[in-house]
Structure formats: C-alpha cells, structure tokens
Amino acid sequence: MPDRVKLVLVTGSGRSGTSSVAGTLKRLGLHIPQPEVEADEANPRGYYEPLWVTEFHKDVLNPVPVRTIDTRPDAGAIAAEAGSAPEVEARLREWLAGQLDAPQVLVKDPRAFWILPVWNRVAGGLGADVVTLTMLRHPTEVVRSRDTAYLTEQDPAFRRQRETANVAAWVNAAFQTELATRGRPRAFVRYSELVEDWRTAMLRAGEQLGIAYDADLASGEPHPVDDFIDVSLNRSRITWDDLAVPPVLRDLADRTWAAVNTLVEEPHDPGAVAALEQLQREYVELFDWSAAIAMDATTARVAEGKREVRRRKDAELAEVRRELRALRDENAGLRTSLTNRVARRLRRS
C-alpha cells in the first residue's frame, strides 16, 4: 500500500446503485467512517454512508438549495460557491482529520460531486489522495426507482412534470459529475454490470483507481459479496415507453448515456469528454428555451406564493391580536377585582 491514504468518494445520481457498490467495497476491505446511516425500508440492505457526511452535505447544499440531482445548469456553480466558504472547509477538515487512520477510506454520498473541490483541498492537505467512483444507471431506471411509489396515485400532468424534471436532472448531473471528477483518478461502473458480474466490474474499477482488495477476485472463489449482491436487485427494468418524457429530452438523455458509458472502459476518453461538453451546450439551450416558455406559469406561481405568504402572515397577525385582546380583557378583569378588594378592606378599616 502507498504511504498516502487513499480516499475513495462514491457518487452518482440517487438510486443509481451507490449503496450497492459502497457495500461491496466495504466487504472488499475498505473502511467506512462510523457511524453509518441506518438501513430502512427504502434501502433494507444498508446505505453505507457515514452519517456525518450526509448531514454535512445537507447543511451545505439545502440552504442554497441544490438537490441531489438538479435540473439547473448553474447548480454546479451555486454548489461550488457554497462549498468554498471558509467555515465549510474548516468543518470538513476537523472531521476528516480523525478519519484517515486506515490506508483506504470509503465515503459514499450521491451529493459529493457538487462540492468535490473542497474534498480535494482538505484531503490533500491532510495527506490523502482523492479518487472517485461514479455509478451509472440508465435514466429510465433511476427515475422509476426514485418515484414509483410516489407517483402511483398522482394525476398524469403531475407525473409528466416530475418524470421530465428527474430525467433532466439526471442529464445535468452526468455533465456536472464528469466535469467535477476530470483530471483525477476516477472510475465509472454500470449498475447492471455490478449486479450481474460484480467481480469484473470491481476488478476494472480497482485497477483504474489504484485501490487494493483483501481478496483475489480473479480466483473466482466464494466471497461475502456473493450473498450481498444478486441480479434481483435490478428491479426497475423499464423503457422510455413507461415514462412521460418529451422526445427532445429523451434523445438528449440517450446520447448522454452513450457518452458516459464510454468512460467505463476509458475514464478519460477524449472523444467521450468532448461529446459530453457538446451535449451540455445542447442541454443549456433546451433549459433556457423551456424556462422562457414557462415564464408566465413561473411568474404566476411566484405571485401566488407571495399571496399565500401574505395570507399566512395576516392570519398569524390576527391571532396575535386576538391573544393581545384576551390578555387586555384578562388584565382589566384582574384590575377591577383588585380594586374592589382594596375598596372592601378600606371600608372595613
């Protein structure tokens, strides 16, 4: 093992298999800072996320706000500015300084790519080298995995808006992740390959990232990962016909998917990088046109939001006034009672 600690950051759009690959890496000997986010009904096999990291990313990104995957082309710049605050860097340094005792440390959070520069700066200053592993899953499967339960009872208009927004966010996240991880050791792993042939997928990723495992995967001998991952995990096998997404966005997503898949074999393939840059320009243009078309609807929603805020404030103010009147009436009653008591004592004296 090298003298410097290797910090492996696992990222990728939510529901793309980041938990599965993080659980695999843990079983292959990498250390996850404790405590971890507990498993729940949404992810019964576990998240394999350091609890501190999830809260840290929420505290940095939620106020901006930037979602786990976000449709806005400038979301990366917004997140980078939030992550560049001195107090953010100081907070990460204080925590990370106590987590680098193992030679290979694993940190998984789908939001990591938004503020990757601060991770690079802080880890480098503490003697660790950051490498990234990005999970890839087709946007139709990601969208359906994210919203199957949520959208089941919704009307068609809402489903169309939600599915379209999530596909757009997946596309934008692909651009932002590739750009953020460019220039450093990185690996891209297909979720489908991970669940069907995890040894091949992890051997390739390990070589690309320069990380070592505690087992010889080429030997084919049984390993605990065999019981952790199985083909049945890939439940959301759907097509574009199952989603309500406009053709222009579907075409853009398909071409983006093809480009990022090239990075699985060659993480810094110049042709794929150039293709993604061109696709990002197309996406920015599509986003701008969409925003222009929806301008009246957006303006109306903002105005209605302001009216709703005003209605709530008026209702709160009315309630405060009612309470003040009640207090005044109560005080008046107390004053009258006290005056009468004093008068009676004076008469008796």
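User: Which residue in β4 stands opposite L136?
Analyst: Heads-up: this is a predicted model, so local features need pLDDT of at least 70, side-chain atom pairs count only at pLDDT 80 or more, and totals for chains, interfaces and linings use all residues. Numbering starts from 1 along each chain as its sequence is written, and side-chain values use heavy atoms, leaving out hydrogens and water. In β4, the residue opposite L136 is R190.

User: In what sense do β3 and β4 pair?
Analyst: Strands are DSSP runs (E, at least two residues; helices are H or I, at least four), numbered from the N terminus. Pairing takes at least two DSSP bridges between two strands. Strand β3 covers residues 128-136 and has five bridges to β4, and the sense is parallel.

User: How many of the five residues of β4 are buried?
Analyst: Buried means under 20% relative accessible area, exposed over 50%, and partly exposed in between (1.4 Å probe, protein chains only). On one side of β4, R186, F188 and R190 are buried, and on the other so are A187 and V189. Strand β4 (residues 186-190) is therefore largely enclosed by the rest of the structure, with its buried count at five of five.

User: Which residues does T177 touch, leaving out those up to four places away in sequence?
Analyst: T177 sits in helix α7, residues 156-181, and is buried, with a relative accessible area of 5%. A contact here means heavy atoms within 4.5 Å. On that basis T177 touches T11, F113 and T134.

User: Is L317 buried or partly exposed?
Analyst: L317 belongs to helix α13, which spans residues 295-348. Its relative accessibility is 39%, so L317 counts as partly exposed.

User: What accessible area do L317, V320, L324 and L327 have together?
Analyst: These four form a nonpolar patch on the surface. By Shrake-Rupley with a 1.4 Å probe, where only the protein chains shown cover residues, the patch comes to about 330 Å².

User: What radius of gyration does the chain have?
Analyst: The C-alpha atoms fill a box of roughly 105 × 50 × 40 Å along the principal axes. A compact globule of 349 residues would come out near 20 Å, by a rule of 2.2 Å times the number of residues to the power 0.38, with the radius taken over C-alpha atoms. The chain itself has 27 Å.

Methods. Patches are made of residues with over 30% relative accessible area and no salt bridge: like charges are joined within 9 Å, nonpolar side chains (Val, Leu, Ile, Met, Phe, Trp, Tyr) within 5 Å. A salt bridge is a side-chain nitrogen of Lys or Arg within 4 Å of a carboxyl oxygen of Asp or Glu.
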